[in-house]
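Open the model in your viewer and keep the selection panel at hand. The tour below moves from one selection to the next.

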Protein chains: 2
Amino acid sequence: MLNTDTQRREGPLAGVRVVDLTHMLAGPYSTWLLGALGAEVIKIERPGKGDFTRVIAPFSEDESIYFLSVNRNKRSLTLNLKEEKGKEIFKKIVATCDVLVENNRAGAMDRLGLGYADLKAVNPRLVYASISGFGQDGPYRHRPCFDVVAQAMSGMMSITGEPGGDPCRVGASIGDIGSSLFAAIGILAALQKRTSTGEGGFIDVAMLDCQLALMENAIARFLNAGETPRALGSRHPLIAPFQAFPTADKPIAVCVDTNEQWDRMCRAMGLEHLLSDPRFPTGSARNANHAELEPLLREVFLTRGRDAWLDMLEAADVPASPINSVPDALNDPQVVHRKMVVEVPEGSGKRFAAVPITMPEAPLPAESPAPRLGEHTDAILADLGFTPAEIGAFRRDAVV
Amino acid sequence: MLNTDTQRREGPLAGVRVVDLTHMLAGPYSTWLLGALGAEVIKIERPGKGDFTRVIAPFSEDESIYFLSVNRNKRSLTLNLKEEKGKEIFKKIVATCDVLVENNRAGAMDRLGLGYADLKAVNPRLVYASISGFGQDGPYRHRPCFDVVAQAMSGMMSITGEPGGDPCRVGASIGDIGSSLFAAIGILAALQKRTSTGEGGFIDVAMLDCQLALMENAIARFLNAGETPRALGSRHPLIAPFQAFPTADKPIAVCVDTNEQWDRMCRAMGLEHLLSDPRFPTGSARNANHAELEPLLREVFLTRGRDAWLDMLEAADVPASPINSVPDALNDPQVVHRKMVVEVPEGSGKRFAAVPITMPEAPLPAESPAPRLGEHTDAILADLGFTPAEIGAFRRDAVV
């Protein structure tokens, strides 16, 4: 049915076709990743406007950097889904796809006549994933949600920040991206099921639920040990030492879990006498007596500079790190070695974080740049069999 | 080959068999999720010791809550992989499995003779996923890594916390769990590829790389607009207002992106005059002029209590939330409705965060409790065809 204009891709998801009704971050990050793994992604945008993030500053050559980062590996088709003709074209696309991803508010797709029940009739093999703030049911299902609402409501902000300080948001948009990753997992699991049953299905992923799943440890501690998790600055709630320390110059992060690591750390720091201290024999004991342990370690760390400590701790095989800024991190030899910055398209000077999955037996395709609004409208409609005259009429009628 | 003792599971990954050589968090969270989606997971642990997290306090009936939370839906087999007989048994298991997941340090599996090349010879359909701190190559490949090292080295801590304050760790272990989720995605993508090629493959996922992928926005802004991302407390770097505000009693999180939301928020707050203010016409303009906008909003939020504002903002369809503690969050009507707390096993009183993926056409199986150390050793070995006498000999020889 599709002609040679169809995007040819490699990678483990080569041959998987995704229709993408997402906007902002939670949905687009998920479909960025599916595209990066080789799926063909058709992003459907509102004619004349497109994704809300197209207007978010800062810009690179008039294109939103926010948009460019999470819409790589997609083609853009503009389509007015409120028009009957738009719905008809949309259903033709759905009939050719394996996966649909949308992150509109719960109920919005049903009101358009494009809910799962509607589209299952068009394509019973369709995996239909809805990402929303609060899920498809429950008292908040119709409420709007952005990242900080999910972080705040879930308790994530209550366990992040300085002890007793103001509530802090996780600096990356984990409220959105948490749901992006769980949605991708649900979609791929449903595709796996489809290989045996031949049938697709509906997937309901909520930003709020995903935050709670990321907080499994805090939740399990509260429910089963009665501990109310709190913000602890850089500390781990259960293991010590496992935190940042100031040194004579810049801070470092250090963490020790096993007793072997504790032994090596104490020797590296000239603190052999702590090895027989009855307050500190295990990670849990060290954590329980953290208030007494921390000042002992802090005093020693202040006697040398960060890089001297990092060398000594590396020699002792103790996990440690500088507290890097983003520029520091991107200059780190390991990050450079791992090619975690990718230029898209090659030669453009536009650079982004790369896909953090390496698969030698199914190498990922080179990433393609985020599309201009409607850049692929004509090509995708031609693929569906529409003539140039028909496409011209759609454009005149503001269907595309 | 397998008899009826084999664990029967439902869900989208029913029929997928996973051998799990993981410990601590990054690996176990990934295999928890695969098990929750219906895969059969055989967790291999060191005889007599098991996963390092089995000794981490606090405990519930002598079992580590840390361990219990992320080892649901697994069976435990003890096996000494340093013994030839242990390796032989292990290879018999690998021959029956679809997926292997391990999170030992890079090179450790090769040194045991159990690297991908070794096991591909045993089972060419095997998907072999290695999760590590820094990846399978590069200058840091042999270094140890825990959550806070990945958060520190990646720059995640530099963008989390109070402006100008001490470095803060994200309160959930996103340094680990980020890699768990990307590994699950890589595994499921590789299974999808296997349906067409019949061949498995190797997957290399690094905690550090995954942090960078979560920070895509901060990285894209630095690389393409020269902005050095910094910790901003509860604020979003690009959109305003999008942050926590104090009220007359407890703080709230509020966020506004579109101009329609801005219009409704200003009217709800009695700030209609801001709608024509040339400093605030768009989300990006509001963000650029945030220093002038924030005090105007802060002053008004301080005039009423949190709940009054939440009601008014909900009526205005503006995204907002209380800053919940973990207990608050778990009592929230939406969280209760979504059944995001699950008792495992039913009737035990032990409660955990549930799987945040709902799939009506492939309902997830009831979760099963984390295993006691070696709880399923006999059953799994019997499944492989070993007699009770042979199993007794393995135990005497400390092979299991």
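## Chain A as a whole

Chain A holds 17 helices and 13 strands. The model is predicted. Select the C-alpha trace of chain A: along its principal axes it spans about 85 × 50 × 40 Å. Of the 400 residues in chain A, 64% are buried. Now show the surface. The accessible area of chain A is about 13,800 Å², and carbon and sulfur atoms account for 50% of it. Contacts also reach along the sequence. Among those in chain A between residues at least 6 apart, 69% join residues at least 24 apart.

## The six-stranded sheet

Select β5, β2, β1, β6, β7 and β8 of chain A, in that order. These six strands form an open sheet, and their pairing is parallel. Look at the edges next. β5 (75-78) and β8 (201-206) of chain A each have a single partner strand, so one side of each has no neighbour in the sheet. On average, neighbouring strands of this sheet are turned by 20° against each other, direction ignored.

β7 (residues 127-132) of chain A pairs with β8(A) in the parallel sense, over six bridges. Pick A:Ala129: its bridge partner in β8(A) is A:Ile203.

Strands of a sheet pair through backbone hydrogen bonds, so display the backbone here.

## Two helices across the sheet

Helix α3 lies across β1 (17-21), β2 (40-45), β5 and β6 (99-102) of chain A. Its direction is at about 145° to β1(A).

Helix α7 lies across β6, β7 and β8 of chain A, and runs at about 165° to β8(A).

## The second copy

Show chain B. The same surface serves both copies, as 99% of the contact residues of chain B recur in chain A.

Pick B:Phe245: its bridge partner in β10(B) is B:Ile252.

Which side chains cover the two faces of β10(B), and are they buried or exposed? B:Ile252 and B:Val254 lie on one side, B:Ala253 and B:Cys255 on the other, and all are buried. In a regular strand the side chains alternate between the two faces of the sheet.

## Salt bridges

The whole structure has 50 salt bridges over all chains. Three stops follow.

**Between chains.** Select B:Glu314 and A:Arg143. They form a salt bridge, with the closest N and O atoms 3.1 Å apart. B:Glu314 lies in helix α13 (residues 306-315) of chain B and A:Arg143 in the loop between β7 and α6 (147-154) of chain A, so the pair joins two chains. B:Glu314 is partly exposed, at 40% relative accessible area. A:Arg143 is partly exposed too, at 21%.

**Within chain A.** Select A:Glu292 and A:Arg279. Their side chains meet in a salt bridge of 2.8 Å, N to O. A:Glu292 sits in helix α12 (residues 290-301) of chain A, and A:Arg279 in the loop between α10 (259-268) and α11 (283-288), 13 residues apart. A:Glu292 is partly exposed at 39%, and A:Arg279 is partly exposed at 29%.

**Within chain B.** Select B:Glu61 and B:Lys350. The closest N and O atoms of this salt bridge are 3.7 Å apart. B:Glu61 is in the loop between β3 (59-60) and β4 (63-64) of chain B, while B:Lys350 is in the loop between β12 (341-343) and β13 (351-353), 289 residues apart. B:Glu61 counts as exposed, at 58% relative accessibility, whereas B:Lys350 is buried at 11%.

End in chain A. Select A:Glu61, A:Glu63, A:Lys350 and A:Arg372: salt bridges that share partners join them into one network.

Note on methods
Residues numbered from 1 in each chain as written. Chains lettered and ligands numbered in written order. Predicted model: local features only at pLDDT ≥ 70, side-chain atom pairs only at ≥ 80, totals over all residues. Heavy atoms only, no water. Pairing = 2+ DSSP bridges. Helix = DSSP H or I, 4+ residues; strand = E, 2+ residues; numbered from the N terminus. Axes fitted to C-alpha atoms, helices over the stretch in contact; angles between N-to-C directions. Contact = heavy atoms within 4.5 Å. Buried < 20%, exposed > 50% of the residue type's maximum accessible area, 1.4 Å probe, protein only. Areas by Shrake-Rupley, 256 points an atom, 1.4 Å probe, with all protein chains shown as cover. Salt bridge = Lys/Arg side-chain N within 4 Å of Asp/Glu carboxyl O.
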